[in-house]
Amino acid sequence: MQSCITCGMPFVGAHEKEIGLETVDGPVCVHDVSEGHIRPAKEIFAGGVAFFQHAVADGDRALAERLTRKNMRTLSYWQTHPRAELDGPAATDAEFGAAMAKL
Ligand SMILES: [Zn+2]
């Protein structure tokens, strides 16, 4: 299964046709691409926070930020392209697992 290298979104179901860019590192979703380039990390991070805040965190922005850091840090792309947005507290494995179970 292919998934977005910058946010981890799997290209299945409703997201099947949402590949916006193919890179040497892998596919990037349409949400993380602007004018043919990968969006800045801070925009992808903000998008992740907005998603988690709405989808699983009951509006808890601090939790959503920690979940987003946890998620993005698991992706090899961000391990090889570290960004300041990913420094800071991250969700625990238990918090992340609970969040994923709600998706
Ligand atoms: Zn993405």
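**Pocket and surface of a predicted model**

Q: How much space lies in the largest pocket?
A: The structure is a predicted model. In this model, the space in the largest pocket comes to about 430 Å³.

Q: Which residues are closest to the centre of the largest pocket?
A: The lining of the largest pocket consists of 19 residues. Those closest to the centre are C7, M9, F51, F52 and N71.

Q: Which element gives the most to the lining of the largest pocket?
A: Two or more lining residues come from each of α1 (41–55), α2 (61–73) and α4. With five residues, the element that gives the most is α1.

Q: How many residues of the lining of the largest pocket are charged?
A: The lining includes 11 nonpolar residues and seven polar ones. The number of charged residues is one.

Q: Is M100 buried, partly exposed or exposed?
A: M100 is placed in helix α4, which covers residues 93–102. Together with F51 and L103, M100 forms a nonpolar surface patch with about 280 Å² of accessible area. The relative accessible area of M100 is 31%. Because this value falls between the cut-offs of 20% and 50%, M100 is classed as partly exposed.

Q: Is E35 buried or exposed?
A: E35 lies in the loop that runs between β3 (33–34) and β4 (37–38). Its relative accessibility is 76%. Because the class of exposed residues begins over 50%, E35 counts as exposed.

Q: How far apart in space are E35 and F11, C-alpha to C-alpha?
A: In sequence, E35 and F11 are 24 residues apart. In space, their C-alpha to C-alpha distance is 20 Å.

Technical notes: Residues are numbered from 1 along each chain as its sequence is written. This is a predicted model: local features need pLDDT of at least 70, side-chain atom pairs count only at pLDDT 80 or more; totals for chains, interfaces and linings use all residues. Side-chain values use heavy atoms; hydrogens and water are left out. Patches are made of residues with over 30% relative accessible area and no salt bridge: like charges are joined within 9 Å, nonpolar side chains (Val, Leu, Ile, Met, Phe, Trp, Tyr) within 5 Å. Accessible areas come from the Shrake-Rupley method with a 1.4 Å probe; for residues, only the protein chains shown count as cover. A salt bridge is a side-chain nitrogen of Lys or Arg within 4 Å of a carboxyl oxygen of Asp or Glu. Helices (H or I, at least four residues) and strands (E, at least two) are DSSP runs, numbered from the N terminus. Buried means under 20% relative accessible area, exposed over 50%, partly exposed in between (1.4 Å probe, protein chains only). On a 1 Å grid over the protein atoms alone, a cavity is a set of points where a 1.4 Å probe fits but cannot get out, and a pocket is an open set with protein on both sides within 12 Å along at least five of seven lines; lining residues have an atom within 4 Å of a point. Grid points are joined across faces, edges and corners, and a volume is the space filled by probe spheres set on the points. Ala, Val, Leu, Ile, Met, Phe, Trp, Tyr, Cys and Pro count as nonpolar, Asp, Glu, Lys and Arg as charged, and the others, Gly among them, as polar.
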